[in-house]
Amino acid sequence: MAVNRVPVLKRCRSLGLDPVYLGIDKKSTRQLKRSSRKISEYGLQLREKQKAKFIYGVLEKPFRNYYKKADRMPGQTGENLMAMLELRLDNVIFRMGFARTRREARQIVDHKHVLVNGKQVNIPSYLTRPGDVIEIKESKKGSQRYKDILEVTGGRLTPEWIDANQETLQGTVKEVPSREVIDVPVNEMLIVELYSK
């Protein structure tokens, strides 16, 4: 499996992204030296795509597949794409506050700690649907790992499209998120322009 080994804060600086969106509360004190050259239209579109891929931890090929699927769905392609990325199982675990970062959420899913509607799922890219009940396995709930995670994520706000109970480590996807409730700083219209060339 391909793994992105670029230091997270360095990547955030190069994309002009706040690490908070990744669940990391560190701040980089170093400033990125911006060149005085004007970024081309293509450069801006590419940066938005890289930002979305980096935030959600998706590689190029799956990302392109998400775009194709979003393009075939009714409604606006950009909004469909963002909703699909939000409904990935690893992202839902992160949004519920059962993981500190999306990378950790991915690992939790990989390690078979997650049940969707009572069935074990270990695919981070699994697309959840409205009505899905997601929970951490009973045998893992009492572990120190989740106590530590809840200490960090306890004060985090869960989005309105998710219903999460941090005591029982269980939650429900209530609806497909609309673009207004997705707080990710990505201009999806530029991604659509990039792929529609």
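I take buried to mean under 20% relative accessible area, exposed over 50%, and partly exposed in between, with a 1.4 Å probe and protein chains only. The model is predicted, so I note that local features need pLDDT of at least 70 and side-chain atom pairs count only at pLDDT 80 or more, while totals for chains, interfaces and linings use all residues. Residues are numbered from 1 along each chain as its sequence is written, and side-chain values use heavy atoms, with hydrogens and water left out.

I looked up salt bridges, each being a side-chain nitrogen of Lys or Arg within 4 Å of a carboxyl oxygen of Asp or Glu, and the search of the whole structure returned 13.

I began with Arg100 and Glu104, whose closest N and O atoms are 2.8 Å apart in a salt bridge. Glu104 is buried at 10% relative accessible area, whereas Arg100 is partly exposed at 29%.

I then turned to Asp183 and Arg95, which form a salt bridge at 3.0 Å, N to O. This pair links distant parts of the chain, 88 residues apart, with Asp183 in the loop between strand E5 (170-173) and helix H9 (188-195) and Arg95 in helix H5 (residues 89-96). For these elements I use DSSP runs numbered from the N terminus, with helices (H or I) of at least four residues and strands (E) of at least two. Arg95 is buried at 11%, but Asp183 is partly exposed at 45%.

Last, I checked Lys141 and Glu138, a salt bridge with its closest N and O atoms 3.5 Å apart. Lys141 is buried at 18%, while Glu138 is exposed at 62%.
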